[in-house]
Amino acid sequence: MIWTHIYDLLCKLAAIGIVVAVVVIGIERQGVLPIYQFCIAAIVSIAVWYLVLRPFSSWCYGRISLKASLTFAQSRRASALFSPLLNLAQWDPMRHVRDIPREEKCLAIMSAADDLLSYHDARSREWRAAPLHAKILRVLLWSSILGVIVMTEMNLPPLSWVSQLQALVSGGSYLPIITIIVGCIPVGIAIAMLERRYGVRSIDPHAQALEVSKKP
C-alpha cells in the first residue's frame, strides 16, 4: 500500500480494516470466506474510502498540516492534490501555503485543485473522442476482470492451471487471490496498450505538471 501523508495512511488502513473485519467474521461463521464475499467487501471498502475517508484525510491535512479552513466539499476537490487516485509519488503537498495569509490558503489550494481537475477533464475529453471500437474494447477488457474472478471461483481453465501450480509448489493449498492477480496481468497489459494507443494514460506522469511548474 502506498500513501501520501499520515492522514491518508490512516484512512487507507481504516478502509483495509473493513475488509479484514468482514474476512474475520466470515471465517468465524462459515469456516471459509467465498471469494465473491471477499470481492463485495473490497468493493464496499473502496467506496467508503473514496466517498468518505479520502476527502476526510484531505480535510485533516488541510486543516492540521496547512492550517487552511477547508470545508468537506472543498476537501473532496482538494483530494486530487493530497490523495490522488494514481501518481501517488507526484502528489502536491502545497507546503508553500503555510507561508501565506490564512484567508488566502483555501483560495490557493482550490485554485491548484481546479487546475489539476481541469487537466484531468481535458484528458477525459481526449478519451471520449476516441473511436467507438476502442471504447467498446476498453469496456470488455475491464469487464473481463470480473470474468477472471468468476473463473477462479469456479476453478475453470486456464486459471485453474494457476491454482494447480500454486498447490503443487505449496504442498496442496493455494490462494485464490493470487490466481486472480495472475489472471489480471494480461488484462492490465492489454488495457495499458489500448490507452497508450489513444493517448490516455491510467498513470499519467504529467498529471500535475501544471501545478509543479507554478510552485515557488
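## Salt bridges

A residue is called buried when its relative accessible area is under 20%, exposed when that area is over 50%, and partly exposed in between. By this criterion, both Lys 12 and Asp 8 are buried in this structure, which is a predicted model. The two residues form a salt bridge with each other, the closest N and O atoms being 3.1 Å apart. Both belong to helix H1, which covers residues 6-30, and because they are 4 residues apart there, about one helical turn separates Lys 12 from Asp 8. An α-helix has 3.6 residues a turn, so residues three or four places apart point the same way.

A search of the whole structure finds 2 salt bridges, and another pairing to consider is that of Arg 77 with Asp 114, where the closest N and O atoms are 2.8 Å apart. Since Arg 77 lies in helix H3 and Asp 114 in helix H4, this pair ties together parts that are 37 residues apart in sequence. Arg 77 is partly exposed, with a relative accessible area of 39%, and Asp 114 likewise counts as partly exposed, at 30% relative accessibility.

## Nonpolar cores

The largest nonpolar core has 19 residues, and those with the most contacts inside it are Tyr 61, Leu 66, Leu 70, Leu 81, Phe 82, Met 94 and Ile 109. Helix H2 (35-65), helix H3 (72-82) and helix H4 (102-128) are the elements that give two or more residues to this core, with the largest share, 6 residues, coming from H4. Apart from this core lies another, made up of 7 residues, among them Ala 130, Val 187, Ile 191 and Leu 194. In soluble globular proteins, nonpolar side chains tend to be buried together.

## Helix geometry and packing

Helix H2 has a kink of about 45 degrees, centred on Trp 49.

The axes of helix H5 (residues 132-154) and helix H7 (residues 176-197) come within 9 Å and cross at roughly 175 degrees. Because angles over 145 degrees count as roughly antiparallel, H5 and H7 are therefore described as roughly antiparallel to each other. On the H5 side, the residues making the contact include Ala 134, Leu 137, Leu 141, Trp 142, Ile 145, Val 148 and Ile 149, while those on the H7 side include Pro 176, Ile 180, Gly 183, Val 187, Ile 191 and Leu 194. Val 187, Ile 191 and Leu 194 are also among the members of the 7-residue core.

## Backbone features in the loops

Most residues other than glycine have a negative phi, and most peptide bonds are trans. Against that background, Lys 67, which is found in the loop between H2 and H3, has a positive phi near 60 degrees. Lys 67 is partly exposed, with a relative accessible area of 44%.

Met 94, found in the loop between H3 and H4, also has a positive phi, of about 55 degrees, although it is not a glycine. At 1% relative accessibility, Met 94 counts as buried, and this residue is listed with those that have the most contacts inside the largest nonpolar core. Elsewhere, the peptide bond from Pro 157 to Pro 158 is cis, with omega near 5 degrees, and Pro 158 is found in the loop between H5 and helix H6 (159-170).

Methods. Residues numbered from 1 in each chain as written. Predicted model: local features only at pLDDT ≥ 70, side-chain atom pairs only at ≥ 80, totals over all residues. Heavy atoms only, no water. Core = buried A, V, L, I, M, F, W, Y, C linked by side-chain atoms within 4.5 Å. Buried < 20%, exposed > 50% of the residue type's maximum accessible area, 1.4 Å probe, protein only. Salt bridge = Lys/Arg side-chain N within 4 Å of Asp/Glu carboxyl O. Bend = angle between axes of the 7 residues up to and from the residue. Axes fitted to C-alpha atoms, helices over the stretch in contact; angles between N-to-C directions. Parallel < 35°, antiparallel > 145°, perpendicular 65-115°, else oblique. Contact = heavy atoms within 4.5 Å.
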